[in-house]
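Trainee: Could we go through this structure together? I would like to begin with the charged side chains.

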Amino acid sequence: MNPMTRLSLLLITLALLLVGCGGSEPPEAAATDAGPAKAEPVSMRVAAITAVGTPWNDMWVRFEERMDEAALPQVDLQMYVTGQLGSEESTLSNMRRGRVQVGGYSLQGAASVVPELSIILAPFLFDSRDEVDYVMDEYLADVFTDLFAAKGLHFVQWAEVGWTNIYSREPVLAPDDVSGLAFRTSPAEGARLFGEAMGVDLISIPFPEVVPSLQTGLIRAGQSGVGMYALTGIAQEAPHFTRTRHAFDTGVVIANKAWFDALAPEVQHAFRDAIDPIDFSRQDVRDVLEQIENETFPEIGVVVHELAPAERDAWREATAGSHERLIEQAGGRSQEVYDAILAGKAAFAAQQPGEG
């Protein structure tokens, strides 16, 4: 498969929604006079919204291969990894009701159940991918394990998406350039607060309507990750791409907690081993996004605006106060999550050369 074919498949995947659905309750295994009861069947239906040839689909292909290699006859593994089983909202609801075993969700989707996830998308919260990785793994994984458990869900691991940036029909270099501009935003609280801080004319429309809205002039700009921008037609209508890197989007892989806790130890072990290690999956996604920026952007005529540190600071300063508002709106243990992020950022900085 040539690089462009592989990259173009990202158009339905960067929401990075590795969604899982489960079926009916497994029948109980019955003992007979002929011998002991057989192991009770375990339903493990997996669904995802991915496309063949992308890192997200490849992850599930490897998952299936490893589960097959584990040779557990009691596991009824069913893979639906190209979007056959519905939206995040429906599968997440089914997971909480015990009908879904495993799923992966965007932060925006999972935040409907665990609102504290919104804090991770606060504007200009992180400064580098290494910092993100450190804070997410060392300071947030345990916190969100507890938060998901309180909702009947088992936290498995994070999933990579990447930096969010600004696209526009005309060059955008400073916050004043977007003031009053018709600006598309997603329903996510962090995205909305970013737009409000810039004084934009917020236009909330579904993602499939972005391209026609650019064509008609309903919107003139918006925010997106690299892949969705480059490969869904947005770049052709809004060829200016400003690397604000104002939020780092990720996702989460989770399971129904009651289901996971009831698994036999050998099944739990096989399940964990079947999922790509987080370091591998992160690098796999980052390699593809880098290829898009280096090869696809020049081919489709994207004009990239790289911000100097002082220019990026101007964007950061324009969002002052947004973190506090986001904490208040998300509620729950949001302040605790935010404090953990700040502690992780400080610990990361202390480990860098010349720091501490």
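Trainee: What do the side chains of arginine 316 and aspartate 313 form?

Mentor: They meet in a salt bridge, at 3.9 Å from N to O. A salt bridge here is a side-chain nitrogen of Lys or Arg within 4 Å of a carboxyl oxygen of Asp or Glu. Please note that this is a predicted model, in which local features need pLDDT of at least 70 and side-chain atom pairs count only at pLDDT 80 or more, while totals for chains, interfaces and linings use all residues. Residues are numbered from 1 along each chain as its sequence is written, and side-chain values use heavy atoms, with hydrogens and water left out.

Trainee: How are arginine 316 and aspartate 313 placed in helix H13?

Mentor: They are three residues apart in that helix, so about one helical turn separates them. Helices (H or I, at least four residues) and strands (E, at least two) are DSSP runs, numbered from the N terminus.

Trainee: Is arginine 316 buried, exposed or partly exposed?

Mentor: Arginine 316 is partly exposed, at 27% relative accessible area. Buried means under 20%, exposed over 50%, and partly exposed in between, using a 1.4 Å probe and protein chains only. Aspartate 313 is partly exposed as well, at 34%.

Trainee: What does aspartate 127 form with arginine 316?

Mentor: Those two also form a salt bridge, with the closest N and O atoms 2.8 Å apart. This pair links distant parts of the chain, as aspartate 127 lies in the loop between helices H4 and H5, 189 residues from arginine 316 in helix H13. Both belong to a network of salt bridges that links Asp127, Glu131, Arg312, Asp313, Arg316 and Lys345.

Trainee: Now the rings, please. How many aromatic pairs are there?

Mentor: The structure holds 17 aromatic pairs. Rings of Phe, Tyr and Trp (its six-membered ring) pair if their centres lie within 6.5 Å; planes under 30 degrees apart count as stacked, over 60 as edge-to-face and the rest as tilted. One of the pairs is phenylalanine 63 with phenylalanine 271, edge-to-face at 5.9 Å centre to centre and 80° between the planes.

Trainee: Which parts does that pair tie together?

Mentor: Phenylalanine 63 is in helix H2 and phenylalanine 271 in helix H11, so the pair ties together parts 208 residues apart in sequence. Phenylalanine 63 is buried, with a relative accessible area of 1%, and phenylalanine 271 is buried at 1%.

Trainee: Which residues do ring pairs link into a cluster?

Mentor: The cluster consists of Trp60, Phe63, Trp259, Phe260 and Phe271.
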